[in-house]
Each structure stands twice: as structure tokens, then as C-alpha cells.
Amino acid sequence: MQGVLITGGGRRLGAAMARHLGGKGWHVFIHHHSSGTGAGEVKAQIEAAGGRATLLQADLGDEAAVLGLVARAEAVCPLGLLINNASDFIFDKAGTATYEALERNMRVNLFAPVMLTQLFHRALVGRAARGVAISIVDNKVFGINPDYFSYTLSKVALQGMLQMQAMSLAPTLRVAGIAPGITLISGLQTETEFERSHANNPMGKGCTPEQICHAVDFILASPAYHGQTLVIDGGQVLQRRPRDVVFLEKDARNAEI
């Protein structure tokens, strides 16, 4: 049995991927920071379905915690897959971004994936094995707008990271990305606004957690897929929106956000 380490695996998209891969025979390492209750529930669900899972708590903003995460997983089961999923996602703009916000976003959304992928590659070399690293990017990278400035900047860098790592770490490690459009309700949305924004694209339908899981399956089943990023957003990036879709669907009274 091989292991998969999923950062942010205790909630939202990470939880969906954890349950999906647990059902396919992977030993799932569910990383979490403060969502221990949710991570425990995901672990229980995987085990109830006959799978295996291990919880790994760590703050991805903490260098020492990040540097020890792969080794903690490898001590239980050899890893064959890494999914860099966890992200900080807090609203700011180009005119309001702070050094603190920039640093936190870069530490969690970029520095941690860089180091985890590097350490995963090193472990594979030590075992003379091969593996796959998938990073969850964001369709905003391919249809840029200035909302969530610090977050978006970190995801632009993440896209560059996976391309450079793909050039450097092959053939031991195959590297790819998935860039979803709006998939789940964000903290700033009502359910009605989510439904409108989810459908406001050329296909009239957006990304779902199930589609992201299918994208993971595609990458795993396609040995020649390397150094590229799948965009799943119903064609939203083709519309070149000036703001994040969350705000385009807000009522006029909230337009100043």
C-alpha cells in the first residue's frame, strides 16, 4: 500500500480528495492545522469504508513543522502521492496588502508546497521509487484580477513553482496542477450568490469537488501528463473578469467591498 499526503485534508476540497483516495486503496495522511475535528471525521469515514488513514497536525506557516511532515508520513507508510491543497485565503487588495498578509500567504500557499515537494522527491530518490505531486492552484492564475491580492500572488508563484519543479525533479517525480474555478461557498457569499456565480460562465456550470477528484484520477492514470495544470471552471477564465466572481455577484449595496 502506498500513502498520499493531503495538506488541508480535514475540510472542504481536501476532505473530498481524502475520502476519494481512501476508497481507492491509498493510505491517506490527512494533514490539518486547526481543523482537528473535521480531520478526525474524515479519518473515521475512510476507515468505516475499509480504508486506512492517519492524522498529521502541523502549522504550514511553521518551517520546522513543514520540514518534518514528509518524514512523519514515511515512518508509517511510503508515500507515492503528495497533494498540496491547503491555502490561506483572506481578502485584501493591492492597496491594502500588508507585509504580514503577504508573508503568511507565501509561507502556507507557496513555501510549504515547495519544501514538501522537495522532501517528497528526496524520499523517493532514497527508495529508488517514483511518485506524483499535485498542487491545487486557482483558475485566477489564468484569468488574473486584483481581488484577494496576497492569495492570488502566492498562487501565481505556485504555478511557476510546479513548472520549474517539473523540469528539475523528473523522472523521479511527476508534477502537475489543478486550477479550479469557484467550487464551494466562500465565507463572503450567500448560498444564492454562490449558485449564481457557480453558473456564470460559458458552460453554465462550475467546478465541483467530484470533478477535482476525477482530475486527480486523470493525472494519476496519465504518465505523460507532466508540468501542466488542468483548469476546471466552465470556461470562466475566457471571460477575463475584472474582479473576483464573488464580488461580481454581490448586490449593488456591497459594490464598494
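Which side chains meet in a salt bridge with an N to O distance of 3.3 Å? Asp59 and Arg104 do. The points below start from this pair.

1. Basis. This is a predicted model, in which local features need pLDDT of at least 70 and side-chain atom pairs count only at pLDDT 80 or more, while totals for chains, interfaces and linings use all residues. Residues are numbered from 1 along each chain as its sequence is written, and side-chain values use heavy atoms, with hydrogens and water left out.

2. Salt bridges overall. The whole structure holds five salt bridges. The term means a side-chain nitrogen of Lys or Arg within 4 Å of a carboxyl oxygen of Asp or Glu.

3. Asp59 and Arg104. This pair links distant parts of the chain, 45 residues apart. Asp59 sits in the loop between strand S3 (52-57) and helix H3 (63-74). Arg104 belongs to helix H4 (residues 99-127). Helices (H or I, at least four residues) and strands (E, at least two) are DSSP runs, numbered from the N terminus. Asp59 is partly exposed at 24% relative accessibility, and Arg104 is partly exposed at 28%. On this scale, buried means under 20% relative accessible area, exposed means over 50%, and partly exposed lies in between (1.4 Å probe, protein chains only). A network of salt bridges links Asp59, Asp88 and Arg104.

4. Arg127 and Glu74. Their side chains form a salt bridge at 2.8 Å, N to O. The two residues lie 53 apart, Arg127 in helix H4 and Glu74 in helix H3, so the chain parts they link are distant ones by definition of the pair. Arg127 is partly exposed, at 31% relative accessibility.

5. Arg107 and Glu103. Here the closest N and O atoms are 3.6 Å apart. Both residues lie in helix H4. They are four residues apart, about one turn of the helix. Arg107 is partly exposed at 30%, and Glu103 is partly exposed at 36%.

6. Thr183. Where does Thr183 lie? It is in the loop between strand S6 (173-180) and helix H6 (191-199). Thr183 is buried, at 8% relative accessibility. Its side chain reaches the backbone oxygen of Gly181 at 2.8 Å. Leaving out residues up to four places away in sequence, Thr183 touches Leu13, Phe194, His198, Cys207, Thr208, Pro209 and Ile212. Contact here means heavy atoms within 4.5 Å.

7. Cysteines. Cys207 is buried at 0% relative accessibility, and Cys213 is buried at 6%.

8. Largest pocket. About 1,100 Å³ of space lies in the largest pocket. A pocket is found on a 1 Å grid over the protein atoms alone; it is an open set of points where a 1.4 Å probe fits, with protein on both sides within 12 Å along at least five of seven lines. Lining residues have an atom within 4 Å of a point. Of the 43 lining residues, the closest to the centre are Arg11, Arg12, Ser87, Phe89 and Tyr151. Elements giving two or more residues to the lining are helix H1 (12-22), strand S2 (27-32), H4, helix H5 (149-169) and helix H8 (245-248). H1 gives the most, with three residues.

Definitions and conventions. Polar contact = N/O pair within 3.5 Å; in protein donor to acceptor, adjacent residues only side chain to side chain. Points joined across faces, edges and corners; volume = space filled by probe spheres on them.
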